[in-house]
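Colleague: I'm new to this one. Could you show me how to read it?

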Amino acid sequence: MAECPCCGQGLPDDGEVRIDLDGGFVVANGAVARLTEGEFNLFLLLWQRRPRMLSRDQLMAEAYWLRADDEEPEIKIIDVLICKARKKLGPTGIAIDTVWGRGYRILPKAEVEA
């Protein structure tokens, strides 16, 4: 059984995906993925729109629209954050798929297991 990264209590392993909005972590398949703020924001955007694909431009616009300064980071930051989130989400069984030349999406569980 996975343990909560905040309090250390056991987390249920019932096949459900649990997302802690305050703690920035995802629990699934008996594993915990703790994501940085940027990784978690992109994960949430993709999760809320699954199985639809979002382009890098869409992710950038959604993730950085509340930025206090006027400078947006380079668009390559989306690729970097997705790469890091993939590694952390791997043990949970949640897969972020690249739609080559178009964007990213979270695959339905049936497609991940196939």
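This is a predicted model: local features need pLDDT of at least 70, side-chain atom pairs count only at pLDDT 80 or more; totals for chains, interfaces and linings use all residues.

Colleague: How many helices and strands does the protein chain have?

Modeller: Helices (H or I, at least four residues) and strands (E, at least two) are DSSP runs, numbered from the N terminus. Here there are 4 helices and 5 strands, in the order β-β-β-α-α-α-β-β-α.

Colleague: Which residues of α3 are buried?

Modeller: Buried means under 20% relative accessible area and exposed over 50%, with partly exposed in between (1.4 Å probe, protein chains only). In α3, that gives I78, D79, L81, I82, A85 and L89. They sit on the same side of α3, because their arc around the axis is only 165 degrees; the arc is that of the directions from the helix axis to the C-beta atoms. K76 and K87, on the other side, are exposed.

Colleague: And what about the largest nonpolar core?

Modeller: A nonpolar core is a set of buried Ala, Val, Leu, Ile, Met, Phe, Trp, Tyr and Cys residues joined through side-chain atoms within 4.5 Å. The largest has 24 residues, and F43, L46, L59, I78 and I96 have the most contacts inside it. Helix α1 gives the largest share, 7 residues.

Conventions: Residues are numbered from 1 along each chain as its sequence is written. Side-chain values use heavy atoms; hydrogens and water are left out.
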